[in-house]
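Colleague: I have a few minutes and a structure to get through. Can you walk me through it, one bit at a time?

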Amino acid sequence: MTFEARVVQARAPHGLARAAAATVVAVTGAAAAHTWAGGEVPTGPGLVLVAAVVLAGGWLVLGRDVPAWALLPVVAAAQLGLHESFGLVAGHDHHAAAVPDPGWTWQMVAAHASVTLATAVLWWAGRRAASYVVTLLAHASLPVTPRLHRRPADAPAGTTLVHLLVSPRRGPPLAVLPT
């Protein structure tokens, strides 16, 4: 008897939806940060092109389960790529000869760094919330309602009523039939 080990590469569920959500968060955050720091954001077709590239990269990365330690470097690389692509697609050169590096001012670095941290925290919290929802749905038990028994029409009324003289949490109750 021989045993052959197989390696199975599992894809993460809903990889395209996860990549689309990450694309929306990353591109929106990068555009807001870039604009706040004084940069230019490309117009519609350029922004769609940049978002398509981010979506393709996100689909490759988020198609598998990303460990928490790799999340921040991946988001930082995405922000760096978005910053540089905004410069290329918007039509201005970040690396002009007159100024050593006009694209990376301290405002630009602070804006993209804060968006990087916010995106990583948001993605981490979303993954935690999704895992809690999946756990709750997997272990959820539906409430069971007791089936009500109807009393026959010919049964005398009032004979089944019982009054409790003591609270039900304090030992066995004393029952008295009504008179």
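Colleague: Which residues in H4 are buried?
Modeller: This is a predicted model, and in it the buried residues of H4 are Met 108, Ala 111, His 112, Val 115, Thr 116, Thr 119, Ala 120 and Trp 123.

Colleague: And Ser 114, where does that lie?
Modeller: Ser 114 lies in helix H4 too.

Colleague: How far is Ser 114 from Ala 30?
Modeller: In sequence they are 84 residues apart, and in space 9.9 Å, going from C-alpha to C-alpha.

Colleague: What does Ala 30 touch?
Modeller: Leaving out residues up to four places away in sequence, Ala 30 touches Gln 79, Leu 82, Phe 86, His 112 and Val 115. Of these, His 112 and Val 115 are among the buried residues of H4.

Colleague: Which residues of H1 are buried?
Modeller: The list is Gly 15, Arg 18, Ala 19, Ala 22, Thr 23, Ala 26, Val 27, Gly 29, Ala 30, Ala 31, Ala 33 and His 34. Just after H1 comes Gly 38, with a positive phi of about 100 degrees.

Colleague: New topic. Which residues make up the largest nonpolar core?
Modeller: There are eight: Ala 26, Val 27, Ala 30, Ala 31, Val 50, Val 54, Leu 82 and Phe 86. H1, H2 and H3 are the elements that give two or more residues to this core. H1 gives the most, with four residues.

Colleague: Ala 70, then: buried or exposed?
Modeller: Ala 70 has a relative accessible area of 15%, so it is buried, because the cut-off is under 20%. Its place is in helix H3. Between Ala 70 and Ala 120 there are 50 residues in sequence and 9.9 Å in space, C-alpha to C-alpha.

Colleague: Now the largest pocket. How much space lies in it?
Modeller: About 360 Å³. The lining has 21 residues, and Ala 26, Val 54, Gly 58, Val 74 and Ala 78 lie nearest the centre of the pocket. Ala 26 and Val 54 also belong to the largest nonpolar core.

Colleague: Which helices supply the lining?
Modeller: H1, H2, H3 and H4 each supply at least two residues. H3 has the largest share, eight residues.

Colleague: And how does the lining split by class?
Modeller: The lining has 15 nonpolar residues, six polar ones and no charged ones.

Colleague: Last one, the whole chain. What elements does it have?
Modeller: The protein chain has four helices and two strands, in the order α-α-α-α-β-β from the N terminus on. Of its 179 residues, 23% are buried. Among contacts with a separation of 6 or more, 69% join residues 24 or more positions apart.

Terms used: Residues numbered from 1 in each chain as written. Predicted model: local features only at pLDDT ≥ 70, side-chain atom pairs only at ≥ 80, totals over all residues. Heavy atoms only, no water. 1 Å grid on protein atoms, 1.4 Å probe; cavity = no way out; pocket = protein on both sides within 12 Å on 5 of 7 lines; lining within 4 Å. Points joined across faces, edges and corners; volume = space filled by probe spheres on them. Nonpolar A, V, L, I, M, F, W, Y, C, P; charged D, E, K, R; others polar. Core = buried A, V, L, I, M, F, W, Y, C linked by side-chain atoms within 4.5 Å. Buried < 20%, exposed > 50% of the residue type's maximum accessible area, 1.4 Å probe, protein only. Contact = heavy atoms within 4.5 Å.
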